[in-house]
Amino acid sequence: MTSDLAYLRWAILRQLPIGLATATLVLALTVAALTVLPARYTATARLLVEASSVSANARAVADTQTDAAHLQNIENRLMTQSRLARLTRDLSLTISAEELREAALFEVISGRGKATTLTISVTNADADLATTAANGLADEVLKENRVIRTERAEDALGFFRQEVTNRKLRLDVQFEKLLAFKDTHAGSLPEDAARHIDRRKDLLAQQTAVPTRPAMTPDQRRLMSEISAARSVYSDQHPKVKLLVARLGSVATGQASRTAENPLIADALSRVDAQLAAIPSNGLALKALTRDHDLAENQYKQAVSRLEAAAIEERIALRTNGDRLSIVERAALPDSPAGPRQKVLLAGGIGLAFLLAIAAAVLRARGDPHLRRSRDLEVGLGLRPYAVIPNMQTTSTGN
């Protein structure tokens with residue numbers, strides 16, 4: 001029987017040809033793969049999201065998405081079968097739309113306090129094709145960015161126009177309610193209180209005033225002159241004097257009756273008091289209507305302000321075609337291939353050859369049916385030997 005160490009040395013030496021053959025085969029396949037696999041080139045274009053030059057209010061109207069989400073939206077629109085097929089046709093690319101989709105890579109880099117950048121990489125065996133495709137995709141991103149931002153500005157403008165219309169209708173309704181209330185309760189509003197108080201004071205003064213003797217009319221003065229002339233000639237008992245005195249009395253009685261025909265002060269006072277009593281409740285209702293009207297007016301003014309901001313954003317979007325995205329680095333023709341990585345593949349092939357050589361030697365050794373170790377007896381026969389005679393080699397010496 002041999003020891004484990006001797007057995008391991010024997011197994012390695014015995015299976016060395018199999019391991020070397022396996023390693024040689026794997027290395028040959030690796031070298032052949034490096035020779036057959038074509039070199040692949042990667043062209044990269046970089047774009048930068050620029051800061052908006054419009055006001056914060058106008059920017060809030062149009063920029064409803066983050067920069068990263070906006071770029072993702074652009075990528076989703078561009079990477080459709082129809083758009084890529086049209087791009088390959090326009091650029092005269094010799095690859096299909098599906099191959100272009102597999103070769104293109106969009107990468108968005110953003111973070112707090114950092115500018116948002118978009119990297120477009122295209123990998124292909126043809127360096128010119130990769131460069132053309134990367135630059136074509138970058139141009140398409142700019143076009144799609146203009147379309148999206150212009151559409152967004154127009155949508156925002158339409159939304160705020162509708163909002164202004166709705167706010168104006170509500171303001172008109174509140175104004176009509178306020179005007180109708182003032183017309184219905186005219187004379188019993190808070191602004192009429194001072195006038196009614198003054199009127200009430202005047203009526204009370206007229207009610208308590210001492211009546212004065214009215215001034216003589218022209219007829220009375222003429223009759224008084226005739227009575228004086230008659231008395232100078234006749235006595236007071238003369239029929240002519242009595243007739244003139246009777247006529248003077250009838251004229252005075254008619255004047256007194258006409259004086260008594262003025263509007264009743266009490267009735268005027270009752271109307272004034274009723275109007276004054278209605279002023280507090282009308283004032284509360286008028287205050288509520290005024291508050292609703294002022295709120296509707298403020299909301300209308302805010303809607304107009306937002307509409308103006310949206311109009312500014314739309315004009316800027318139309319003038320600049322929505323540019324907030326620019327190409328900072330166009331794809332250049334790559335000088336060296338990006339793959340396959342020969343050193344990495346070669347190192348991987350050597351490592352794989354070594355592992356497969358060891359595996360082949362171990363598998364070949366495990367298939368050996370001879371009993372060479374005590375462990376083989378235990379495994380094969382289920383017997384544990386009492387003692388093991390080591391394999392001893394003698395050396396012969398010459399006499």
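Keep in mind that this is a predicted model. Let's begin with helix H3, where His 70, Leu 71, Ile 74, Glu 75 and Leu 78 are buried. Looking down the axis of H3, you'd find those buried residues within an arc of 140°, so they line one face of the helix.

How does the length of H3 work out? The helix covers residues 67-78, twelve residues in all, and at 1.5 Å a residue it should span 16 Å. Its end C-alpha atoms are 17 Å apart, which agrees.

Leu 78 turns up again in the lining of the largest cavity, together with Arg 83, Leu 84, Leu 87, Leu 137 and Glu 140. Helix H4 (81-91) and helix H6 (127-184) each supply at least two lining residues, with H4 giving the most, at three. Sorted by class, the lining has four nonpolar, no polar and two charged residues.

Now for the rings. The structure holds one aromatic pair. Phe 159 and Phe 160 make it up, edge-to-face, with 5.1 Å centre to centre and 75° between the planes. Here's how exposed each partner is:

| Residue | Relative accessible area | Class |
|---|---|---|
| Phe 159 | 52% | exposed |
| Phe 160 | 10% | buried |

Phe 159 counts as exposed because its 52% is over the 50% cut-off, while Phe 160 is buried because its 10% is under 20%.

How values were computed
Residues are numbered from 1 along each chain as its sequence is written. This is a predicted model: local features need pLDDT of at least 70, side-chain atom pairs count only at pLDDT 80 or more; totals for chains, interfaces and linings use all residues. Side-chain values use heavy atoms; hydrogens and water are left out. Helices (H or I, at least four residues) and strands (E, at least two) are DSSP runs, numbered from the N terminus. The expected span of a helix is 1.5 Å times one less than its number of residues. Buried means under 20% relative accessible area, exposed over 50%, partly exposed in between (1.4 Å probe, protein chains only). The arc is that of the directions from the helix axis to the C-beta atoms. On a 1 Å grid over the protein atoms alone, a cavity is a set of points where a 1.4 Å probe fits but cannot get out, and a pocket is an open set with protein on both sides within 12 Å along at least five of seven lines; lining residues have an atom within 4 Å of a point. Ala, Val, Leu, Ile, Met, Phe, Trp, Tyr, Cys and Pro count as nonpolar, Asp, Glu, Lys and Arg as charged, and the others, Gly among them, as polar. Rings of Phe, Tyr and Trp (its six-membered ring) pair if their centres lie within 6.5 Å; planes under 30 degrees apart count as stacked, over 60 as edge-to-face and the rest as tilted.
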